[in-house]
Amino acid sequence: MTAVADLDTPALVIDRARMDANIQAMADRMRTAGIALRPHFKTSKMIEVARRQREAGAVGFTCATLNEVEALLEAGYTDLFWAHAPATPAKLHRIVEANRRGRVIVGLDSIHLVRALSDQATAAGITVPVRVEIDTGLRRTGVTAEQALEVARAVATLPGVALDGVYMHEGQLASLPGDRDDLRHAGAAAAASLVAAAELIRAEGIAVPAVSVGSTPGWDSAPFVEGVTEARPGTYVFFDANQWRLGSAPLDACALHLHTTVISTVRDGEAAIDAGIKALSSDGSNRDRSFGLVVDDGGAPLEDLEFVRAYEEHGVLDGPAADTMRVGERLRILPNHACGVVNMWSRIAIVDDTDVVDMWTPVARH
């Protein structure tokens, strides 16, 4: 059996016990509250993780791309939600064909897309379930409650499509100032506005089965607003430095780390490592200027050391602690954003304590 210390660097490593504990804790919390759990697959992109989430009680999965949809269908998971827009002919064709293999809900926010999907689905003799996206503050995609009513009316009257519900992504919580209580308040307010949109549509006599919220920063607030039926967190499976900074999880719940090696110490107060943006992605911190959090073997932050610069295959650590480092020394980095990091890797080491017990392969990578 290989020891994790013998892995060449850079190496992306998952602590299996921590991951499994995260999966079970979230499943238990949602089950107790009567909320369906539909985790976002984009965080792990690994069938082995999806299997654990399903065994813990997930009703299905959320996908960011049609490649993820197709990978999960191939693995036998047939209750999926593609939270994106079929805005090209190729995507319209693929989402309709996906519904021949399973129940694949599609998210959209315009009557134009409803009509295009209706035409494609009707021609194929398929009915595609649809969720209308509500903008509750992120200002990325999604409509107001009043606009959602118009979209829902179109879905209700056109063939080949059926309204499954409404949804939001409260991603704005990740960039809000304030403490954890402030984030909980904002998450609950966003969910309340989603529920209000669902009620507006129901007042027209249109059924809205699902009211779906989704983010890890909002995992302990948005799902528990009365009227919400489903939660779609993703990053919770590993957590990361940004979620720790937001108070979503303690450091000892963070299951994903990059192992790296010091390669140069020629500058005072700096140490260069063998990992840059092609190992960690370029996603920055939501609270400071770092490219990741440098931690010790127990996961505690190393004092007086910041990951301040990143190139393609190099990183630069800055601070007084860098002066005591030596070439060949191994370090751990807690990534800022787990989802972006996993997408960079073709193989990830799975460890129990200090032993590598498996190697898993992310699927549907860009």
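Where is Lys45 found? Lys45 sits in the loop between strand 3 and helix 2, with helices (H or I, at least four residues) and strands (E, at least two) taken as DSSP runs numbered from the N terminus. Before going further, a word on the ground rules: this is a predicted model, where local features need pLDDT of at least 70, side-chain atom pairs count only at pLDDT 80 or more, and totals for chains, interfaces and linings use all residues. Residues are numbered from 1 along each chain as its sequence is written, and side-chain values use heavy atoms, with hydrogens and water left out.

At 3% relative accessibility, Ser44 counts as buried. Leaving aside neighbours within four places in sequence, Ser44 is in contact with Val49, Phe238, Val342 and Pro362, contact being heavy atoms within 4.5 Å.

**Helix 1 against helix 2**

Val49 turns up again in the helix pair. Helix 1 (residues 16-33) and helix 2 pack at an angle of about 35 degrees, their axes 9 Å apart. Axes are lines fitted to C-alpha atoms, for helices over the stretch in contact, and angles run from 0 to 180 degrees between N-to-C directions. On the helix 1 side, the contact is made by Arg16, Met19, Asp20, Ile23, Gln24, Ala27 and Arg31, and on the helix 2 side by Val49, Arg52, Gln53 and Ala56. Sorted by type, the residues of this contact are five nonpolar, two polar and four charged.

**Helix 3 and the cores**

Helix 3 (residues 66-74) has Leu66, Glu68, Val69, Ala71, Leu72 and Leu73 as its buried residues. These pack against helix 2 (47-56), strand 4 (61-63), strand 5 (79-82), helix 4 (89-98) and strand 6 (103-108). After helix 3 comes Gly76, with a positive phi near 100 degrees.

What about the hydrophobic interior? The largest nonpolar core has 106 residues, and Leu117 and Phe238 have the most contacts inside it. Apart from that core lies another of seven residues, including Ala11, Val13, Ala349 and Val356. A nonpolar core is a set of buried Ala, Val, Leu, Ile, Met, Phe, Trp, Tyr and Cys residues joined through side-chain atoms within 4.5 Å.

**Cysteines**

**Burial at a glance**

Here are some residues with their relative accessible areas.

| Residue | State | Relative accessible area |
|---|---|---|
| Cys63 | buried | 0% |
| Cys339 | buried | 7% |
| Ala190 | buried | 4% |
| Asp353 | exposed | 67% |
| Arg267 | exposed | 54% |

Ala190 lies in helix 7 (residues 180-202). Leaving aside neighbours within four places in sequence, Ala190 is in contact with Thr136, Met168, Glu170 and Gln172. Ala190 and Ala222 are 32 residues apart in sequence and 7.1 Å apart in space, C-alpha to C-alpha.

**Other loops**

Asp353 is in the loop between strand 17 (348-352) and strand 18 (355-360), and its phi is near 60 degrees, a positive value in a residue other than glycine. Arg267 has its place in the loop between strand 11 (256-264) and strand 12 (270-273). The C-alpha atoms of Arg267 and Val342 are separated by 31 Å, with the two residues 75 apart along the chain.

Finally, the peptide bond joining Thr9 and Pro10 is cis, with omega about -5 degrees. Pro10 is found in the loop between strand 1 (2-3) and strand 2 (11-15).

Conventions: Buried < 20%, exposed > 50% of the residue type's maximum accessible area, 1.4 Å probe, protein only. Nonpolar A, V, L, I, M, F, W, Y, C, P; charged D, E, K, R; others polar.
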